[in-house]
Amino acid sequence: MALETYPFKNFRFKVEIEGTQVAGFSEVSGFDATFDVVEYREGDAADITIRKQPGLIKYSNIVMKRGVIDKKEFFDWIQEIHDGKIERKTVTVNLCNDVDEVAASWQILKAWPCKYTGPELNGKGTDVAMESIEFAHEGLVRTDV
């Protein structure tokens, strides 16, 4: 009898930057890669079918959201870019199983923050103050553990 494999839950994940775990996030989105399709036809081809081959790869920006805490490492990273020092880093998102072991990972290569959104504050509210950071990057790799 075959063992059933259940999908992993989407709320068990951890984020690392250059191998160091950072504060927890409530949401990570934007894992997306699109290949341009290059169409061509050889001049002496007998058939009338256009040939297709992969072209450039485009990656969507990765967006991470979390509650505001007393650490400001992302804001400091953005400040460095503002000051002319663009440091690209590897950001890893680890998806964990039910016993908190890493089951799958995505490495976001040569990432740098391209957008920061601070919290929306409301004196009458009771929600958690949220901030988001958006990363531009040059590659996405899925690695299984």
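Which side chains meet in a salt bridge at 3.5 Å, N to O? They are those of Asp36 and Lys58; point 2 takes this pair up with the others.

1. Basis. This is a predicted model, in which local features need pLDDT of at least 70 and side-chain atom pairs count only at pLDDT 80 or more, while totals for chains, interfaces and linings use all residues. Residues are numbered from 1 along each chain as its sequence is written, and side-chain values use heavy atoms, with hydrogens and water left out. Helices (H or I, at least four residues) and strands (E, at least two) are DSSP runs, numbered from the N terminus.

2. Salt bridges. A salt bridge is a side-chain nitrogen of Lys or Arg within 4 Å of a carboxyl oxygen of Asp or Glu. By this rule the count is nine. In the pair Asp36 and Lys58, at 3.5 Å, Asp36 lies in strand 4 (residues 33-40) and Lys58 in strand 5 (residues 51-59), so the bridge ties together parts that are 22 residues apart in sequence. Asp36 is partly exposed, at a relative accessible area of 27%; on this scale buried means under 20%, exposed over 50%, and partly exposed in between (1.4 Å probe, protein chains only).

3. Glu138 and Arg88. The side chains of this pair meet in a salt bridge at 2.7 Å, N to O. Glu138 sits in the loop between strand 9 and strand 10 (139-144), and Arg88 in the loop between helix 1 and strand 7, so parts 50 residues apart in sequence are tied together. Glu138 is partly exposed with a relative accessible area of 44%, and Arg88 is partly exposed at 41%.

4. Asp98 and Arg12 form a salt bridge at 3.7 Å, N to O. Asp98 belongs to the loop between strand 7 and strand 8 and Arg12 to the segment before strand 1, so the pair links parts that are 86 residues apart in sequence. Arg12 is partly exposed, with a relative accessible area of 27%. Salt bridges with shared partners join Lys9, Arg12 and Asp98 into one network.

5. Lys89. This residue is found in strand 7 (residues 89-96). Lys89 is buried yet has no salt bridge, and the nearest side chain of opposite charge, Glu87, is 4.3 Å away. For charge, Lys and Arg count as positive and Asp and Glu as negative; His and the chain ends are not counted. Not counting residues up to four places away in sequence, Lys89 touches Ile17, Glu18, Trp77, Ile108, Leu109, Lys110 and Ala111, where contact means heavy atoms within 4.5 Å.

6. Backbone. Glu18, one of the contacts of Lys89, lies in the loop between strand 1 and strand 2 (20-21). Phi of Glu18 is near 50°, a positive value in a residue other than glycine. Asp100 also is not a glycine and has a positive phi of about 65°. Asp100 is found in the loop between strand 7 and strand 8 and is partly exposed at 42% relative accessibility.

7. Core. A nonpolar core is a set of buried Ala, Val, Leu, Ile, Met, Phe, Trp, Tyr and Cys residues joined through side-chain atoms within 4.5 Å. The largest has 17 residues, of which Val15, Phe25, Val28, Met64, Phe74, Val91 and Phe135 touch the most other members. Two or more residues each come from strand 1 (13-17), strand 6 (62-67), helix 1 (73-82), strand 7, strand 8 (102-117) and strand 9 (130-136). Neighbours within four places in sequence aside, Phe25 is in contact with Phe13, Val15, Met64, Lys65, Arg66, Phe74 and Ile133.

8. Cavity. On a 1 Å grid over the protein atoms alone, a cavity is a set of points where a 1.4 Å probe fits but cannot get out, and a pocket is an open set with protein on both sides within 12 Å along at least five of seven lines; lining residues have an atom within 4 Å of a point. Grid points are joined across faces, edges and corners, and a volume is the space filled by probe spheres set on the points. There is one cavity of 30 Å³ or more. The lining of the largest cavity consists of Phe25, Met64, Arg66, Phe74, Tyr116, Glu131, Ser132 and Ile133. Strand 9 gives the most to this lining, with three residues.

9. The largest pocket holds about 250 Å³ of space. Of its 15 lining residues, Glu120, Leu121, Val128, Ala129 and Met130 are the closest to its centre. Strand 9 supplies the largest share of the lining, three residues.
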